[in-house]
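Have the model open while you read.

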Amino acid sequence: MEIGCGNGLVAELIKKQQINFSITGVDFAKKMINNASKINVTPAVKSSDIDEEIIKLKKPTTDIDEQAPQVAYDILINKNFIDYADKINEKYDAVITRGVINYTANQQLFLQKAASLLATNGLIIFYVSAPY
């Protein structure tokens, strides 16, 4: 999971390394979610059976074609992470946040909620911009 996915740069970098992870992006800014959905080489196919604040992106169905485009995100969620974290039922091997925690009013709560989403031996990876 990437909290504060912004324009999707982290997911794009992960996919360019041909690391086959499922990635969920969360951002409260609708514009950022829209930008992140556009970094997918294949156009985003939005599921109609979910609310408009959650976008599920469909991956290419072929494993044969090495030239098949990659989809960076599996799911994009347009919500405030702290308010929405308790509704997430998935467990993640990693929670990544870049340049978000220093703008969070309650950093302890933010980290507790992020930690609650980790699978056994999962990692929280965060970047804090300086000076802080």
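Two residues count as in contact when they have heavy atoms within 4.5 Å of each other. Keep in mind that this is a predicted model.

Let's start with Phe110. Leaving out residues up to four places away in sequence, Phe110 touches Ile3, Phe81, Ile82, Thr97, Val100, Ile101 and Thr104. Its relative accessibility is 3%, so Phe110 counts as buried, the cut-off being under 20%.

Which residues touch the most other members of the largest nonpolar core? That core has 17 residues, and the ones in question are Met1, Ile3, Phe81, Val95, Phe110 and Leu117. Helix H3, strand S5 and helix H4 are the elements that give two or more residues to this core. H3 gives the most, with three residues. Apart from this core lies another one, of 11 residues, with Val10, Ile23, Ile33 and Ala36 among them.

**The aromatic pair**

The structure holds one aromatic pair. Its rings belong to Phe81 and Phe110, with centres 5.4 Å apart and planes at 65°, so the pair is edge-to-face. Why does this pair tie together parts that are 29 residues apart in sequence? Because Phe81 lies in helix H3 while Phe110 lies in helix H4. Phe81 is buried, with a relative accessible area of 5%.

**Thr104, a neighbour in a loop**

One of the contacts of Phe110 is Thr104, which is found in the loop between S5 and H4. A polar atom of its side chain lies 3.1 Å from the backbone oxygen of Val100. Setting aside neighbours within four places in sequence, Thr104 is in contact with Ile82 and Phe110. Both Ile82 and Thr104 also turn up in the contact list of Phe110.

Now over to helix H1, which covers residues 9-16 and has Val10, Ala11, Ile14 and Lys15 buried. Looking down the axis of H1, you'd find its buried residues within an arc of 130°, so they line one face of the helix. What do the buried residues of H1 pack against? They pack against strand S1 (2-3) and strand S5 (92-98). On the face turned away from the buried side, H1 carries the exposed residues Leu13 and Lys16.

**Thr24 in strand S2**

Thr24 is found in strand S2 (residues 24-26). With a relative accessible area of 7%, Thr24 is buried. Not counting residues up to four places away in sequence, Thr24 touches Met1, Glu2, Tyr73, Ile75, Ile77 and Tyr92. Of these contacts, Met1 is also listed among the core residues that touch the most other members.

**Out at the surface**

Lys31 lies in helix H2 (residues 30-38) and is exposed, with a relative accessible area of 61%.

Asn121 lies in strand S6 (residues 118-127), and its relative accessible area of 74% makes it exposed. What about the phi of Asn121? It is near 65°, a positive value in a residue other than glycine.

Here are some of these residues side by side.

| Residue | Relative accessible area | State |
|---|---|---|
| Phe81 | 5% | buried |
| Thr24 | 7% | buried |
| Lys31 | 61% | exposed |
| Asn121 | 74% | exposed |

Notes:
Residues are numbered from 1 along each chain as its sequence is written. This is a predicted model: local features need pLDDT of at least 70, side-chain atom pairs count only at pLDDT 80 or more; totals for chains, interfaces and linings use all residues. Side-chain values use heavy atoms; hydrogens and water are left out. Helices (H or I, at least four residues) and strands (E, at least two) are DSSP runs, numbered from the N terminus. Buried means under 20% relative accessible area, exposed over 50%, partly exposed in between (1.4 Å probe, protein chains only). The arc is that of the directions from the helix axis to the C-beta atoms. A polar contact is a pair of N or O atoms within 3.5 Å; within protein, one must be able to donate a hydrogen and the other to accept it, and residues adjacent in sequence count only if both atoms are side-chain atoms. A nonpolar core is a set of buried Ala, Val, Leu, Ile, Met, Phe, Trp, Tyr and Cys residues joined through side-chain atoms within 4.5 Å. Rings of Phe, Tyr and Trp (its six-membered ring) pair if their centres lie within 6.5 Å; planes under 30 degrees apart count as stacked, over 60 as edge-to-face and the rest as tilted.
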